[in-house]
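Reader: I have just opened my first protein model. Could you show me how to read it?

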Amino acid sequence: MYFFQLLSVINDDVKYIDEFEIYYIIPVMMVVVPVVYFIRIKLFDKYIHGIDLDKIDAELKEYEEKEQKGQKDQKFRKYL
């Protein structure tokens with residue numbers, strides 16, 4: 001955001017400073033803000049709260065595997 005303002009201050013040919021630069025900033029900010037927020041959340045969870053998302057994913061996969069195995073056992077018992 002400051003980059004566009006700095007360019008308009010440096011460039012003396014610009015008549016109206018900071019009038020249309022917002023149209024260039026909006027798409028850039030639509031990409032930058034979510035990326036920065038996602039990185040902040042991951043760091044905050046890991047180092048402040050002590051939440052390791054990789055461990056949570058591993059536990060969820062374990063539960064899913066156990067559940068699938070249990071469902072297969074039930075189907076097998078049904079046929080016996």
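**Reading the chain**

Author: Gladly! Of the 80 residues in the chain, 5% are buried. Buried means under 20% relative accessible area, exposed means over 50%, and partly exposed lies in between (1.4 Å probe, protein chains only). This is a predicted model, where local features need pLDDT of at least 70, side-chain atom pairs count only at pLDDT 80 or more, and totals for chains, interfaces and linings use all residues. Residues are numbered from 1 along each chain as its sequence is written, and side-chain values use heavy atoms, with hydrogens and water left out.

Reader: How many helices and strands are there in the chain?

Author: Helices (H or I, at least four residues) and strands (E, at least two) are DSSP runs, numbered from the N terminus. Here the chain has three helices and zero strands, giving the pattern α-α-α along the sequence.

Reader: Where is the kink in helix α2 centred?

Author: The bend at a residue is the angle between axes fitted to the seven residues ending there and the seven starting there. In helix α2 (residues 22-48), a kink of about 35° is centred on Met-29. After α2 comes Gly-50, which has a positive phi, near 75°.

Reader: Which helix holds Gln-5?

Author: Gln-5 sits in helix α1 (residues 2-10). Its relative accessible area is 25%, so Gln-5 is partly exposed. Gln-5 and Ile-22 are 17 residues apart in sequence, and their C-alpha atoms are 9.9 Å apart in space.

Reader: Is Glu-62 buried or partly exposed?

Author: Glu-62, in helix α3 (residues 53-79), is partly exposed because its relative accessible area is 46%.
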